[in-house]
There are 2 protein chains.
Amino acid sequence: MNPRLFEIEHSEISKWFSQLQFDICTELEKHESNVEFSTDKWQRTEGGGGVSKVLSNGNTFEKAAVLFSEIYGDTPDFLKQNNQHSILKNIDEKSEFYATGLSIVLHPNNPWVPIIHMNTRFFAANNTAWFGGGIDLTPIYVVDSEAKQFHTHLKTCCDTFNNQYYNDFKLWADDYFYIQHRNETRGVGGIFFDRLAPANSDEAEHFFNFVKEVGKTFLKAYLPIVVENKNKDFNTQQKEFQLIRRSRYAEFNLVYDKGTQFGLQSAGRIESILASLPPMAAWQYNYMPAKNSLEEITLNKLKKNIQWI
Amino acid sequence: MNPRLFEIEHSEISKWFSQLQFDICTELEKHESNVEFSTDKWQRTEGGGGVSKVLSNGNTFEKAAVLFSEIYGDTPDFLKQNNQHSILKNIDEKSEFYATGLSIVLHPNNPWVPIIHMNTRFFAANNTAWFGGGIDLTPIYVVDSEAKQFHTHLKTCCDTFNNQYYNDFKLWADDYFYIQHRNETRGVGGIFFDRLAPANSDEAEHFFNFVKEVGKTFLKAYLPIVVENKNKDFNTQQKEFQLIRRSRYAEFNLVYDKGTQFGLQSAGRIESILASLPPMAAWQYNYMPAKNSLEEITLNKLKKNIQWI
C-alpha cells in the first residue's frame, strides 16, 4: 500500500495525533493535583500498536482515557465481509490497511461536569482513504447555556472550513450518538463525520486541516465547562443520577459504538478499547425521575434535532 | 400458526413458566426481610407481553430479576434475515411466531454469593418449534467445592433424561457463556441448550419435561450456596472485586447474549430486557490482581473445559 495520501505521509497524520495526545494530557493534568496519566505502550501482533494514557481517581476526573493507536497489516476479514458492519465492500483479494486515531473519553467526578468524547481518525486500504472524527458532550444534567456554548465552539471550528459542515455533522452526531433501545440520545450531541475521502491533493490538505482543527477545538470547547463546575456542591441523589447516566453511556459503547466494535474485532488491546467505559455505573430497574425534577428535565432533552445555538 | 406442539398447547408451556416464576419468587422472598418483588405487567404492541418481577436492595439480593414473557404475532424481520444472527433462515413469506420464556438473573449483595442466571424458553414459527434453556453460575470468587456441588445438581437433572445431556450441554455452556474479548468464561458455567426440536409427540413430552426439571433444579442447585455464604464477612477489596466482575457480566450481556439481542430487536419492554444488568458495576482500567491472591486464582479459573465434577 502506498503510505501516502497524495502529498501527506500516513505517518505525518499519525504523528500529529500522537502529539495531540501529549498536548491534551499535559493540559488535563493541570486540573489534577494528586494523580497523573499512566502510559501503556502496546503492540498488535499483526502490525502496529498504540499508546494508552489513562488517569484514575483524580480530583477532577474519576477516569480519563486518552488513547492513540496506529495499526496496519493485512486487512482483517471483518472489514471485508459484505454486510452492514463492513467498511470495505466486495473485497475478496488480499489487501492491506492502515488505521490511526486518537480517542478520548473523560468521566469527571462531579455530576455537574459532563462526560466528553472526542475522536479523530484516518483509515486507508485498497486505494481508498478517509478521515473521520467527532466530539460529543454527555452532561449528567443538561444545562442549555452550556450546550449552546459547546456547540458554538464546534460551529466556529466547522465554519472556517465549510459553511455546511456544522449542520451536516451535527445531524450526523444526533443520529450516531443515539441509544435506539432507550429512544434517547447519549447527550447533547456535537459533531460526527466519517469517510471524508479526498479526491485530490487539495482536498487531502483540507480534510487533514479540518481534523486538526477539531482536535484543537476539543479543550477549547470543554475546559470552560469543567472549570465552571468542578467545585460545585452536589448531593447523593445527583451522584446516583450520574451513575445511572453512565450506565447508558456503557450501553451505547458496548452495543452501538463502531469504534468499540472495530477494536473488539481488530484484536487491539482490550484494556485500551474498553478504557472508555465508566469507572462506576448503576443500572436501577425502571428508574423514573420525579415530576418536574432536574432529572426529568434532562431526560426530556435527550432528543435528536434540538438546535442548541 | 397451530398453537400446539403435538399434544401440548403452547399456552400450557407458557402457563408452566409463569407458575415457575411465581414459585421461585415466593422462595426467594423468604431470604429477604425488608423488601419484596415488585410486579410489572407489560404488553407488546405487536402481540403478547410479560410479567416482570424485580426486587432491589434486599438483605440478600441487591437486584433480583425474574422475568416471564409470552410474545407472538407476525415474525419480525430480524428473525428472517439470512445472517448469522437470524434464527429462521430463508424465510421471506409472511409468517407468525410464538415465543415464551422465563429468565432469571440474581445479583447478591455479598461477594461470597455467586451471581446466578437461569432461562427456560420455547419458540415456534413456520412448522418449526424448539425448547431451549440453561443455568450458569458466576461466582465472584470461584470456590471449587461449590462449583462441584452446583454442577452435580445439574448433572443429576440431566441424567434422568439422557446420559449425554450433561456432557453436551456443559460444553455448550462453556462455549456460550464466553467473553471472547477477555478470553475468559463468564463464570464456572453450567448447562446451556437450544433448538431441542421434537420430531414427534413423545419427544415433545420428553423435552418439555426436561425443561421443567431444569426449572425445578434452579433453586436446588443455587440456594444452598446462598445460605452458606450470605452472612459471611467481606472487606472493601472483596466488594471492589465484585464490582469488577459485575462489569464483565454487563459486557457479556450487552455484547454477546442472544436473549438480550432478541429482546432489543423484538421491541419488548426495555426495562425488562436490561433488568439482568448489575445494580452497580466498575470498570477499572487495566485491573491486575495481586500475585497468588484469591482474585488471581479466580481469574485463572475462568476457562473453558474445566471438569468440575
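Helices (H or I, at least four residues) and strands (E, at least two) are DSSP runs, numbered from the N terminus. By that rule, residues 258-265 of chain A form helix α7, and A267(A), with a positive phi near 60°, follows α7(A). The model is predicted. Chain A and chain B bury about 2,600 Å² between them.

**Interface of chain A and chain B**

- Chain A gives 30 residues to the contact, and chain B gives 30 residues.
- Carbon and sulfur atoms account for 61% of the buried area of about 2,600 Å².
- On the chain A side, the most area is lost by E271(A), W283(A) and Y285(A). Together these residues make up 33% of what that side buries.
- The rule finds two salt bridges across the interface.
- It also finds 15 residue pairs in polar contact there, with both residues at pLDDT 80 or more.
- Five elements of chain A each supply at least two residues of the side that touches chain B: β3, β4, α6 (236-255), α8 (270-273) and β12 (280-281).
- Of the side of chain A that touches chain B, α6(A) provides the largest share, with six residues.
- By residue class, that side of chain A splits into 18 nonpolar, five polar and seven charged.

**Strand pairing between the chains**

- β12(A) pairs with strand β12 (residues 281-282) of chain B. The pairing is antiparallel, over two bridges.
- Within this pairing, A281(A) faces A281(B) of β12(B).

- R182(B) sits in a loop of chain B, between β9 (178-179) and β10 (184-185).
- Is R182(B) buried or exposed? Its relative accessible area is 14%. Buried means under 20%, so R182(B) counts as buried.
- The side chain of R182(B) forms a salt bridge with that of E271(A), at 2.9 Å from N to O. The two side chains are also listed as a polar contact of 2.9 Å.
- Leaving out residues up to four places away in sequence, R182(B) touches E271(A) and L274(A) in chain A. In chain B it touches R248(B), E251(B) and W283(B).
- E271(A) is also one of the residues of chain A that lose the most area to chain B.

- Strand β4 of chain A covers residues 48-56, and eight of its nine residues are buried. β4(A) is therefore largely enclosed by the rest of the structure.
- β4(A) runs antiparallel to strand β3 (residues 38-43) of chain A, joined by six bridges. D40(A) has S52(A) of β4(A) as its bridge partner.
- β4(A) also pairs with strand β5 (residues 61-74) of chain A, antiparallel and over nine bridges. Here V51(A) stands opposite F68(A) of β5(A).
- The hairpin of β3(A) and β4(A) has four residues between the strands. In this hairpin G47(A) has a positive phi near 140°.
- The hairpin of β4(A) and β5(A) has four residues between the strands. In this one N57(A) takes the positive phi, near 55°.
- β3 and β4 of chain A are among the elements that each supply at least two residues of the side touching chain B.

**Ends of helix α7 of chain A**

- What caps the N-terminal end of α7(A)? D257(A) does, with a side-chain oxygen 3.3 Å from the backbone nitrogen of G259(A).
- After α7(A) comes A267(A), whose phi is positive.

Terms used: Residues are numbered from 1 along each chain as its sequence is written. Chains are lettered from A and ligands numbered from 1 in the order in which they are written. This is a predicted model: local features need pLDDT of at least 70, side-chain atom pairs count only at pLDDT 80 or more; totals for chains, interfaces and linings use all residues. Side-chain values use heavy atoms; hydrogens and water are left out. A polar contact is a pair of N or O atoms within 3.5 Å; within protein, one must be able to donate a hydrogen and the other to accept it, and residues adjacent in sequence count only if both atoms are side-chain atoms. Buried means under 20% relative accessible area, exposed over 50%, partly exposed in between (1.4 Å probe, protein chains only). Contact means heavy atoms within 4.5 Å. Two strands pair if DSSP finds at least two bridges between them. Buried area is the accessible area (1.4 Å probe) that two parts lose on being put together, summed over both. A salt bridge is a side-chain nitrogen of Lys or Arg within 4 Å of a carboxyl oxygen of Asp or Glu. Ala, Val, Leu, Ile, Met, Phe, Trp, Tyr, Cys and Pro count as nonpolar, Asp, Glu, Lys and Arg as charged, and the others, Gly among them, as polar.
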